[in-house]
Amino acid sequence: MRSLKVKIPILIITLVIFAVIGSTYITYRTASKQMRQHIINKNTIIANMISDQVNQYLSDAKNTVKYMAQNANVEDMEKVKEEINQIYKSYRWLDVMFYMTADGEITYSIPHNDIIYRRDYTEREYYQYLIKNKETYISKVFISSLLNQPHIIIVSPILDKHTGEIKGIIGGGVPLKAISKIIEKTQHSYDGKIYVVDEDGKILVSPDYNEIFKELSLKRNIEIENKVIGLEEILKKYSKGVGQYRDNGHKVYVSFSKIENYKGMIIVERDEEYIGKEIKQIQKELTPLIIAIMTISFLLSISLAYTITDPIEKLVVYVRNISKDIQQGMKGFKVTKNNEIGELELAFCGMSKELSMKIEDLKSSHKREKDTRKYLNNILRSAGSGIFVINDQGKIVIFNRTAEKITGIESKNIIGKYVNELMRNLNLPKDIFNKNLEGNMFMEAEYKIKRNDAIDVPISMMVSPIYDDANKSIGLVCLMKDLTQIKMLEQQLRREDRLKTIGELSSSIIHEIGNPLAGMTNLLEVLKDHADHETVREELIVALREEVDMLNNIVINFLEFTRMNNNKKVSVNIMHIIDSTLNILKPEIKYKTIRVIKNFPREIPFIKVDPSAMRQALVNILKNSIQAVGSYGVIEIKVYKVNPNTLVLSIKDNGEGINEEMMDRIFNPFFTTKEDGTGLGLSIVHKIITDNGGTISVRSEVSKYTEFILSFEGETDEIIDC
């Protein structure tokens, strides 16, 4: 069974069997479906055709009776009788004609029967309908007293043209045998069953009974549109349709159509056993053909299998030899076929030679790869930065010597472990690498880790995704650098910078205080010489007070600049602080007729700041803008978000602008371009903004504009609607 000589014939025969069986099954299903549809279509055609014929039959009879009633004159009964006789002889679909008085007595009939004089017809259904509705009516089937045969009685009233009262009744009887003959014509050429039933389900015509109009009802529970419905309900709700029911295990297909002028229905049925007969005939014709196909397929499969497997078997022998030694295995190889098999043998020979060359190349490539890997490992071990690599499953696969030295963890204890374990050992946030693994983000940040020996080590961590040739992320490479020495140097530089700043501040303070002190000394000398002059003395005292106020202002601003950051921060709406600031400065804005443009978004986040300090900072900035613009100037205040949680406040004026050389110095203490300025206003603004966790920057162009840009991080859990 393992040989292709056996497998291929079996496979071909199996495929042929499945193909034949499948084709036969599909043919059977298709034929069955078409035959079923044919039965349903034929049933429907017959039901509609017979319904139309019976309807036409009754319509002709109804029109005849109605016409006679409309033209009858009860004052001339002889003429009425004559017309009744004429219609009886001329029209074949009426075998009974009669005249009935308005009181329900038949006074004349053809054929004649004395029983009419002894019967009371007022109880008849058609009489009661006629008296009530005064219109032509077709009754149900019942046994006529005139011929003692089942009839459908058609009656029409003779109405007084002036009063509309019934003066008489013309009636005619349509024999049920006539309708039965219509059915029989079709039944002779149709192997199904045709029924005529009235609205109560009573059988009027049936192929199962020789005598028509027996007191029998047709009982059927028919499935229509996946719902089983009794015949009584069908007679009430449906005018035509198709369905099916089961009878003795067989499916019976039903079509029905109502008779338009009569409270009855034509029902046509056909058993699915008819389909079985047709299918058996098809099977009988197909069986010899299937056997012949199977036999031919068996013989062809054996021949085909030998043609294919013989050269393949030779190739297998050579392959077995090649697996031991390629050069020796190819000795004696010959092409045996001049067809596709021969091409396969040639291709096999060429592949064998190519394989020999590729094996040699592979050996060389393997050696080069081994050398390269060794070289890269040496680089990683010798790198000055800690390097570790995480694969796409979150496991550490590389951990170099410098990483061991920084963390105090040996590589053998961490390689193959999940990165979360390393994070736990180093006391680092757990989501550092998860974000990069999920979002393919580059990240660089500083952290403080705790080594195994409990020493805190400041590090910088740079995480970058690793991509394959298809630009798909397959892991992360992490560079770790020990910042201990750098942090020490930074601390020393900050200390030196503070000393330098204190020196500059002291020099500036001495210079600023020196001017008013020198002025005060001069004024005191003048006061000494003119102490007796009251007017001069008053002027000198006022000048001394101004110098003291200037000195006091310098000291207060300096104290404000150097005070500790002890403000109380709360969540606030920046809009309220802006509006409060504008109210404070309203007189100055109104005095210079300045137009303030506010551009605020619909929603902004809260920011956590000291409201009073922020108001002071905005007052200082806006005062600079008010002083910078002329009369009728414009100041634009704009609030916007640069991302979902960063709030930016822009204050832009169209004033004289700031020289580019002064841009880097405007926040320095005691730097000012105003004659009466202290140079601490913007320094205080800068300190307030940074103390409240924000940033401040300036953009300006001389003679065009100056823009102060303040940026704050909002609170993600609070969004306000403006």
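1. The secondary structure of this chain comes to 17 helices and 26 strands, both taken as DSSP runs numbered from the N terminus (helices are H or I with at least four residues, strands E with at least two). The model is predicted: local features need pLDDT of at least 70 and side-chain atom pairs 80 or more, whereas totals for chains, interfaces and linings use all residues. Residues are numbered from 1 along each chain as its sequence is written, and side-chain values use heavy atoms, leaving out hydrogens and water.

2. On confidence, the mean pLDDT of the chain is 79, with 78% of its residues at 70 or more; pLDDT is the predictor's confidence in each residue, from 0 to 100.

3. Of the 722 residues in the chain, 37% are buried, meaning under 20% relative accessible area (1.4 Å probe, protein chains only). Contacts (heavy atoms within 4.5 Å) with a separation of 6 or more come to 56% from residues 24 or more positions apart.

4. Helix α16 (residues 611-628) packs against helix α17 (residues 681-691) at an angle of about 145 degrees, with axes 9 Å apart; axes are lines fitted to C-alpha atoms over the stretch in contact, and angles run from 0 to 180 degrees between N-to-C directions. From α16 the contact includes M614, A617 and I621, and from α17 it includes L682, V685 and I688.

Notes. Buried means under 20% relative accessible area, exposed over 50%, partly exposed in between (1.4 Å probe, protein chains only).
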